[in-house]
Amino acid sequence: MNRNLMGLFLSGLVAVGLVTGCGSEKKPAAPAQTEAKGPLTLEYTFNKKEGKGTNQMAAWIEDKDGKLVRTLFATRYTTQKGYKKQALPQWVKKSGLAQLDKAKVDAFTKATPAAGQVTAGWDGKDDNGKSVPDGTYKLVVEATLYQDSDALWTGTFQKGGKEQTLDMKESLTKEPEKKENKDMITGVKAVYRP
């Protein structure tokens with residue numbers, strides 16, 4: 001086929017595509033990003049933001065005395081160098097991150113997720129892989145919204161109890177400098193199903 005005919009052929013394909021709408025279909029919604037499974041399931045929507053000191057997240061389980069039992073996940077930037085700045089200060093302090101060995105940190109470190117629904121779970125074990133006793137526990141989600149503005153969501157539940165929907169209460173260390181960053185994480189929900 002000579003160049004002129006090939007050009008006409010390709011032009012025709014493009015024209016047919018434009019007329020029929022080929023290629024203009026909406027992309028399907030991103031699937032939920034699942035971190036782990038277990039009797040406790042955490043779900044939220046992550047809305048990626050722009051700017052310094054944003055898009056950092058961690059989730060963990062504490063016992064009734066406030067001691068960290070298990071880190072469900074923490075974003076890579078924070079675990080590698082962000083903790084030296086201001087990212088996720090509550091989790092960094094609770095976890096003792098600066099003193100943890102690399103293998104332990106690698107076990108819960110995750111890339112910052114793509115925007116969309118994020119799901120994480122707790123299997124009822126501690127950071128050493130041992131089952132923890134039944135009792136009162138707290139789920140904590142921390143998000144660095146913008147520089148030193150952090151949001152915390154907390155909810156308590158009874159491990160070993162009946163099915164429970166956690167009442168996830170939100171608090172801010174301060175309003176983010178960029179107001180649009182306040183909704184970086186929305187729709188935080190958690191359910192415990194024994």
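Trainee: K174: buried, exposed or partly exposed?
Mentor: K174 counts as partly exposed, at 41% relative accessibility. Buried means under 20% relative accessible area, exposed over 50%, partly exposed in between (1.4 Å probe, protein chains only). This is a predicted model: local features need pLDDT of at least 70, side-chain atom pairs 80 or more, while totals for chains, interfaces and linings use all residues. Numbering runs from 1 along each chain as its sequence is written, and side-chain values use heavy atoms, without hydrogens or water.

Trainee: Which residue does K174 bridge to?
Mentor: D148, at 3.1 Å, N to O. A salt bridge puts a side-chain nitrogen of Lys or Arg within 4 Å of a carboxyl oxygen of Asp or Glu. K174 sits in the loop between strand 10 and strand 11, D148 in the loop between strand 7 and strand 8, so the pair ties together parts 26 residues apart in sequence. Strands are DSSP E runs of at least two residues, numbered from the N terminus.

Trainee: How many salt bridges does the structure hold?
Mentor: 11. One of them joins D183 and K49 at 2.8 Å, N to O. D183 is in the loop between strand 10 (169-172) and strand 11, K49 in the loop between strand 2 and strand 3, so this pair ties parts 134 residues apart. K49 is buried at 13%; D183 is partly exposed at 35%.

Trainee: New topic. What about D63: where is it found?
Mentor: In strand 3. The backbone nitrogen of K67 lies 2.9 Å from a polar atom of the D63 side chain.

Methods
Helix = DSSP H or I, 4+ residues; strand = E, 2+ residues; numbered from the N terminus. Polar contact = N/O pair within 3.5 Å; in protein donor to acceptor, adjacent residues only side chain to side chain.
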